[in-house]
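Colleague: I'm new to this one and could use a guided tour. Could you show me how to read its features, one at a time?

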Amino acid sequence: MDDFNLTWLANGAGGSRQPGLQAELRRLGVGPYACRHMSAKGDFYALRAENLRAPAANILKQEFLAKGAEAAVHPQVILGQPERSAVLMLATAAQYKRICEGLRRQQFGLPALAAEIEQALLNIGREEWQLPVSGQNRQMTLSTNTQIMGILNLTPDSFSDGGSYASVEQAVERALQMQSQGAYIIDVGGESTRPGHQQISEAEEISRVEPVIRALRAVSDVLISIDTYKPAVARAALASGADMINDIWGLQCPDDPERRMAALAAEFGCPVIAMHNRAEIAADLDVPQELARFFRRSQQIAEQAGMQAEQLIFDIGFGFGKEPGQNMQALAAAPALRILGRPLLVAASRKSTLGLLTGRPVQERQTATDATTAAAQLFGAALVRVHDVAATADVLAVCRPLYQINQNREVI
């Protein structure tokens, strides 16, 4: 099967301008039919597919030209060299619809590409998701109106707040405080994952998180996430009352070749935050394509393990397996990742890249964190994972209306 790794070359806001164009046309007094017809010409998408066989690339280019659209391929592909080519497709949604009708009648994997394009356009326009919650008769609702995940580190060595909550009572008090300030999810972690962190045993990690999760669940119905890449720790946390898993390896941990984490998530039917990560940093990384390929691999692993597509949330992995510049590229790539159809999470709070950009120590990076929060909301991310919930709530209170205006929605 061809692996096209279809990506969207999104604009800065990551959105179609069609709703705004329709509003402007209506103000001019344009009738409903003409309004729909003309605004469709502004509903424009640039998509990139990889690894097309030479005959497929040639046929695809002709299909696009025949429909008044454009497709760029390697100039020598008409001669069969190279044998495979990437393709850059430029068309409106209406043109893509007609083009895909033609591609479904072709060979060389083009019907599969047509199906991917059609699904991608649906995904790009998606604004809300319902996710199952482990062990509870309810669902979690996420949308492009960004919600807050509050960080609760039960570790002595976390880079920002290690050792701040030494007792169960202190930890629960802090969780309840974050909930009152606007946190939708509390993310409980028992092992630091900062660069150079000291790995601890599963038993020690469980001993840190399990009592806090049980105590918090006894006094609050707030959503609880367990921040771990270890299946045994995740199982203990879910059994203690946690609702979801936050996996820094995106179900692809090198220490879990049997994919036990994915099997566990399928067993519990819980949401999983699949974070992008790499064992080694690559200086020549094409970040948007790398993120899309990684998350598609997570989707494949999830499906093979029996998980539902609705269980996945994607985290861009700010600060993991990337150079500082690549972290910012990952943040900028967030709009384009809407092509995958899953809610997105940004977790940049107080991280070292922000220190490099501002020259400030970890405890003085809140303003820089707020900037990434604003970007996340304006890009349509579903979640931000932060230390300071109160400050983040203020940032989102201002940025949510801006996002809605950009999408041509009512703001009050």
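This is a predicted model: local features need pLDDT of at least 70, side-chain atom pairs count only at pLDDT 80 or more; totals for chains, interfaces and linings use all residues.

Colleague: Which residues of helix 4 and helix 5 make the contact?

Modeller: Helix 4 brings Ala93, Tyr96, Cys100 and Leu103, while helix 5 brings Leu110, Pro111, Ala114, Ile117, Glu118 and Leu121. Sorted by class, the contact of helix 4 with helix 5 has 9 nonpolar residues, no polar ones and 1 charged.

Colleague: Can we try another pair? At what angle do helix 7 and helix 8 cross?

Modeller: Roughly 20°, with the axes of helix 7 (residues 202–219) and helix 8 (residues 231–240) coming within 9 Å. That makes helix 7 roughly parallel to helix 8. The crossing of helix 7 and helix 8 is right-handed.

Colleague: And which residues meet between helix 7 and helix 8?

Modeller: On the helix 7 side you'll find Glu202, Glu205, Ile206, Val209, Glu210, Ile213, Arg214 and Arg217; facing them in helix 8 are Ala232, Val233, Ala236, Ala237, Ala239 and Ser240. The contact of helix 7 with helix 8 divides into 8 nonpolar, 1 polar and 5 charged residues.

Colleague: On to rings. How many aromatic pairs are there?

Modeller: The count comes to 4 aromatic pairs. One of them is Trp8 with Tyr45, a tilted pair with 6.1 Å centre to centre and 50° between the planes. Trp8 sits in strand 1 (residues 7–8) and Tyr45 in strand 2 (residues 44–53), so the pair links distant parts of the chain, 37 residues apart.

Colleague: Are Trp8 and Tyr45 buried or exposed?

Modeller: Both Trp8 and Tyr45 are buried. Now look at Phe295 and Phe314: their ring centres are 4.4 Å apart and their planes are at 15°, so this pair is stacked. This pair also links distant parts of the chain, with Phe295 in helix 10 (residues 287–305) and Phe314 in strand 12 (residues 312–315), 19 residues apart. Both Phe295 and Phe314 are buried.

Colleague: Which residues form one aromatic cluster?

Modeller: Phe294, Phe295 and Phe314.

Colleague: How do I read the surroundings of a single residue?

Modeller: Take Thr7, which is in strand 1. Thr7 has a relative accessible area of 8%, and under 20% counts as buried, so Thr7 is buried. Leaving aside its neighbours within four places in sequence, Thr7 is in contact with Ala46, Leu47, Arg48, Gln289, Ala292 and Ile339.

Colleague: Let me try that on His276. Where does His276 lie?

Modeller: In the loop between strand 11 (272–275) and helix 10. His276 is buried, with a relative accessible area of 0%. Beyond its neighbours within four places in sequence, His276 is in contact with Ile248, Glu290, Leu291, Phe294, Phe295, Asp315, Ile316, Gly317, Phe320 and Lys322.

Colleague: What about the backbone? What should I look for there?

Modeller: Most residues other than glycine have a negative phi, and most peptide bonds are trans. Asn51 has a positive phi, near 65°. Asn51 lies in strand 2 and is partly exposed, with a relative accessible area of 33%.

Colleague: Leu251 has a positive phi too, I gather. Where is Leu251 found?

Modeller: Leu251 is in the loop between strand 10 (244–247) and helix 9 (260–268), with phi near 70°. Leu251 is buried, with a relative accessible area of 1%.

Colleague: And which residues does a cis peptide bond join?

Modeller: Gln81 and Pro82, with omega about 0°. Pro82 is found in the loop between strand 3 (70–73) and strand 4 (84–92).

Notes: Residues are numbered from 1 along each chain as its sequence is written. Side-chain values use heavy atoms; hydrogens and water are left out. Axes are lines fitted to C-alpha atoms, for helices over the stretch in contact, and angles run from 0 to 180 degrees between N-to-C directions. Helices (H or I, at least four residues) and strands (E, at least two) are DSSP runs, numbered from the N terminus. Angles under 35 degrees count as roughly parallel, over 145 as roughly antiparallel, 65 to 115 as roughly perpendicular and the rest as oblique. A crossing is left-handed if the near helix is turned anticlockwise from the far one by less than a right angle, and right-handed if clockwise. Contact means heavy atoms within 4.5 Å. Ala, Val, Leu, Ile, Met, Phe, Trp, Tyr, Cys and Pro count as nonpolar, Asp, Glu, Lys and Arg as charged, and the others, Gly among them, as polar. Rings of Phe, Tyr and Trp (its six-membered ring) pair if their centres lie within 6.5 Å; planes under 30 degrees apart count as stacked, over 60 as edge-to-face and the rest as tilted. Buried means under 20% relative accessible area, exposed over 50%, partly exposed in between (1.4 Å probe, protein chains only).
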